[in-house]
Amino acid sequence: MQEIRYNIYNDVALKILNDEVTLKRIKIKFEDELSKSVLKENTSSPLAWAQYAHANNLWYPITIFNNNIPEIYINYGSEYIVVSFLDKRLFEIMSLTYKKVDENRLFLMKIYLREYNGIEQKPLQDLKNDKKILFTEDGSLTVTTNGFIRNETVTVVEDIVESVEKVNVSHNWIEAPAFGNYDSLCEYNKILKEGDLLQKI
């Protein structure tokens, strides 16, 4: 069963912060931007903050659980929205970055994929390779792949390829979601269709 909570994911400690710590972080983040009265009025709970922030184009966190296991973390910012997919160790395995083009439209500008060795307990130490896929609104596509060879030192092998012609980015455009309805942000399969998008690189 899927559940939405408005708590912060700590990618260093690899855990979801509780309500108290989440609210403390929010208050610190906005103490110079918002008045004490506004913060007090809208930080009675993570949900209260999320509702206020969404209505006022401010940052707020979203964690989506499935059967009480965190699977997706969303940084819902004022200019960008970053959707991170988590594995069982709470390592980020993929992220989608959307740019807010206007009040109603978002453009998926970056997909970041990570593969791990499954040996180490920290993401960067366990990282095997990553792939960054960048889109532009006019249909340019660049894919950067990094492979990590670990011996006594770490060697990074980088490969950059660009599309030889414009690609179809019509699926990259989505409507800005209503509060509490984030499914459209997570539907990466519409963009990463085998044999369609990446064949032009």
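Leaving aside neighbours within four places in sequence, Thr-144 is in contact with Asp-130, Lys-131, Lys-132, Glu-158, Asp-159 and Ile-160; contact here means heavy atoms within 4.5 Å. Thr-144 lies in strand 10, residues 141–150. Helices (H or I, at least four residues) and strands (E, at least two) are DSSP runs, numbered from the N terminus. Thr-144 has a relative accessible area of 10% and so counts as buried. Buried means under 20% relative accessible area, exposed over 50%, and partly exposed in between, with a 1.4 Å probe and protein chains only.

The model is a predicted one: local features need pLDDT of at least 70, side-chain atom pairs count only at pLDDT 80 or more, and totals for chains, interfaces and linings use all residues. Residues are numbered from 1 along each chain as its sequence is written, and side-chain values use heavy atoms, with hydrogens and water left out.

Strand 10 pairs with strand 11 (residues 154–162) in the antiparallel sense, over nine bridges; two strands pair if DSSP finds at least two bridges between them. Apart from neighbours within four places in sequence, Phe-107 is in contact with Thr-97, Tyr-98, Lys-99, Val-101, Phe-135, Thr-136, Glu-137, Val-169, Asn-172 and Trp-173. Ser-170 is 63 residues from Phe-107 along the chain, yet their C-alpha atoms are separated by 9.3 Å.

Now the helices. Helix 1 spans residues 19–30, twelve in number, and reaches 17 Å from its first C-alpha to its last, close to the 16 Å expected at 1.5 Å a residue. The expected span is 1.5 Å times one less than the number of residues in the helix. At the start of helix 1, the backbone nitrogen of Glu-20 has a side-chain oxygen of Asn-18 within 3.2 Å.

Which residues of helix 1 are buried? They are Thr-22, Leu-23, Ile-26 and Phe-30. These residues cover an arc of only 95° around the axis, and therefore lie on the same side of helix 1. The arc is that of the directions from the helix axis to the C-beta atoms. On the face turned away from this buried side, helix 1 carries the exposed residues Glu-20 and Lys-24. The cover over the buried residues of helix 1 includes helix 2 (36–42), helix 3 (46–55) and strand 4 (60–66).

Helix 3 can be read in the same way. Its buried residues are Pro-46, Ala-48, Trp-49, Ala-50, Tyr-52 and Ala-53, and they pack against helix 1, helix 2 and strand 4. After helix 3 comes Asn-57, with a positive phi near 55°. Asn-57 is placed in the loop between helix 3 and strand 4, and at 39% relative accessibility it counts as partly exposed.

Most residues other than glycine have a negative phi, and most peptide bonds are trans. Leu-90, which is not a glycine, also has a positive phi, of about 65°. Leu-90 lies in the loop between strand 6 (80–86) and strand 7 (92–100). With a relative accessibility of 11%, Leu-90 counts as buried.

Asp-11 is found in the loop between strand 2 (9–10) and strand 3 (15–16). Between Asp-11 and Ser-184 there are 24 Å in space, C-alpha to C-alpha, and the two are 173 residues apart in sequence.

Finally, the protein as a whole. It has four helices and twelve strands, and its C-alpha atoms fill a box of roughly 55 × 45 × 35 Å, taken along the principal axes. Of its 201 residues, 39% count as buried. Among contacts between residues at least 6 apart in sequence, 43% join residues at least 24 apart. The protein exposes about 11900 Å², of which carbon and sulfur atoms supply 48%. Accessible areas come from the Shrake-Rupley method with a 1.4 Å probe; for residues, only the protein chains shown count as cover.

Conventions: Polar contact = N/O pair within 3.5 Å; in protein donor to acceptor, adjacent residues only side chain to side chain.
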